[in-house]
Amino acid sequence: MQTARVVVDKDFRIGEIDPRLYGSFVEHLGRCVYGGIFEPGHPAADEMGFRQDVLDLVRELGVPFVRYPGGNFVSGYDWRDGVGPVEDRPRRLDLAWMSTETNAVGTNEFAAWAARAGAEVNLAVNLGTAGIDEARALVEYCNHPGGSYWSDLRRAHGVAEPHAIKTWCLGNEMDAVWQLGHKTADEYGRLACQTAIAMTWVDPAIELVACGSSHARMPTFPQWEASVLDHVYEYVDYLSLHTYARNLDDDLGTFLAQSLAMDAQIEAVAATCDFVKAKKRLKKTMMLAFDEWNVWYHTRDADKALLREAPWRVAPPLCEEPYTLEDALVVGCMVISLLKHADRVKIACLAQLVNAIAPISTRRGGGAWRQTTFFPFLHASRYGRGAALDVQVSSPCYANAEFDAVPLLEATATYDEEREALTIFAVNRGQEDALRLEGDIRAFPGYKVVEHLVLRHENPKAVNTLARPTEVAPHGGDAGCRDGALTATLPRLSWNVIRLGGAPAHATERTHGRAEHPH
Ligand code: AHR
């Protein structure tokens, strides 16, 4: 068995973890809204039609922040279609997903759902087919107390108190040819700047996210970022990043290394922001919103065929990825990448939340279950709190054509000082063998292992289904710690969470991880 080492010290901090790093995304796409969070008539639906079984899973996942309503969808969306009496709302063609939008769920319903989920709403405005006027009207509708046309309309729609939505996205993926109304960087930069000014004149308390590139393989990346920031740097708080890891050639070694590309993407965007900051001689450091990230590749061809054969359906089953253990490991590595950049990435949204490229799946009229990817996200959102630590990792590597040398061990750690909780997140990318982990945690005297969670499966292609919902589920591992020396076996192809605690209330006196854990 090969060995990898980590040195963890509470004084080596990357930055405080913003809870919004564990955000997610609900788009009017496929069955994310209709048949996902909202299914009137379902036995688990509440009086508004929201599925309680889905809400329970969302609350379990600990999502504090949810982007809405798109995505590609927002670039053709008229938010006014989705407010007021439901029976008066128009059915529209959604050109982004070749679907029919009933508008049964709109801004007020989504805000009500998010309140039930315990999440803050992050709204995107349409800068594809719409512009400044629609955006400033939406801010007024949502955030102005009353006494103006749009705020009084909200009140007339039965919502007396403003939604007080703080974070707003200035459009979506405006660099992309697949985006309705896509623009050049200068066109978008000017529009985003003017829209940002109008929106903040309505409500100076809001924060704004400008669109970065749709992904780092776009031919205009990262010049798009530099040009857009030339226009908007002073007027926005965040620049967005998006990425979807894929395994089109069934090349697991390359797929597992996708988080290295994510690291590089974050570092390139941060460097571009800092270039514009220096050029403009500004003090403000631009923060990053990785507001779409996930694994997405299983269903793309099937989705195209489905839309070709039966376009314009209401809530067609699009992007319903059956996530494998392999996919969960990549999601785990991507979460680690976000934590390693917690000083710059303040917002991140796992795209998406239910059914469409999602950690939660539902059957119409039936049950809901956790996909494999649910678990690394859950563990990070539950235990990855406090400060992100700068962990020194020494690991054997494997050779890879795209990434040269890929470390077998991907790892990071978080430290919640108040709770005296140290958590190490680690993925063994090794396809053949277990990896022995040795950790130097002498900076945490007296800390003991509270729990070692391991997500693995004999078959890396294993998935969870409604019939077998716990086929891939976490179990206990063998981590132990004595006198500041941590040891653990990381099984081949596994996601590991090693939780250590200092105070007796948090740490049991045993030296080894627990045998079984439900999640
Ligand atoms: O999340 C699915 C889609 O991916 C979003 O609508 C779009 O922004 C991205 O291309």
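Reader: How far apart are N and O in the salt bridge of Arg136 and Asp133?

Author: The N to O distance is 2.7 Å for the side chains of Arg136 and Asp133. A salt bridge here is a side-chain nitrogen of Lys or Arg within 4 Å of a carboxyl oxygen of Asp or Glu. The model is predicted: local features need pLDDT of at least 70, side-chain atom pairs count only at pLDDT 80 or more, and totals for chains, interfaces and linings use all residues. Residues are numbered from 1 along each chain as its sequence is written, and side-chain values use heavy atoms, with hydrogens and water left out.

Reader: Where do Arg136 and Asp133 lie?

Author: Both are in helix H3 (residues 132-143), three residues apart, about one turn of the helix. Helices (H or I, at least four residues) and strands (E, at least two) are DSSP runs, numbered from the N terminus.

Reader: Is Arg136 buried or partly exposed? And Asp133?

Author: Arg136 is partly exposed at 39% relative accessibility. Asp133 is partly exposed too, at 46%. The cut-offs: buried is under 20% relative accessible area, exposed is over 50%, partly exposed is in between (1.4 Å probe, protein chains only).

Reader: What about Asp56 and Arg59?

Author: Their side chains form a salt bridge, 2.9 Å from N to O. They sit three residues apart in helix H1 (residues 52-61), so about one helical turn separates them. Asp56 has 44% relative accessibility and Arg59 has 36%.

Reader: How many salt bridges in the whole structure?

Author: The search finds 33. One of them joins Arg20 to Glu207, with the closest N and O atoms 3.5 Å apart.

Reader: Which parts does that pair tie together?

Author: Arg20 is in the loop between strand S2 (13-16) and strand S3 (23-25), and Glu207 is in strand S9 (residues 207-210), so the pair ties together parts 187 residues apart in sequence. Arg20 is buried at 11% relative accessibility. Glu207 is buried at 17%.

Reader: Domains now. How is the chain divided?

Author: Domain 1 is 2-11 + 387-516, and domain 2 is 20-356. Those bounds come from an automatic or database domain assignment. The C-alpha centres of the two domains are 31 Å apart.

Reader: How much area do domain 1 and domain 2 bury between them?

Author: About 2100 Å², with 70% of it on carbon and sulfur atoms. Buried area means the accessible area (1.4 Å probe) that two parts lose on being put together, summed over both. On the domain 1 side, Phe403, Glu410 and Lys461 lose the most area to domain 2, together 24% of what that side buries.

Reader: How many salt bridges cross that interface?

Author: The rule finds three. Elsewhere in the list of pairs, Glu410 and Lys340 meet through their side chains in a salt bridge, 2.8 Å from N to O.

Reader: And Thr412, buried or exposed?

Author: Thr412 is buried, at 2% relative accessibility. It is found in strand S19 (residues 409-416). Leaving out residues up to four places away in sequence, Thr412 touches Ile336, Leu339, Lys340, Leu389, Val391, Thr423, Ile424 and Phe425. A contact is heavy atoms within 4.5 Å.
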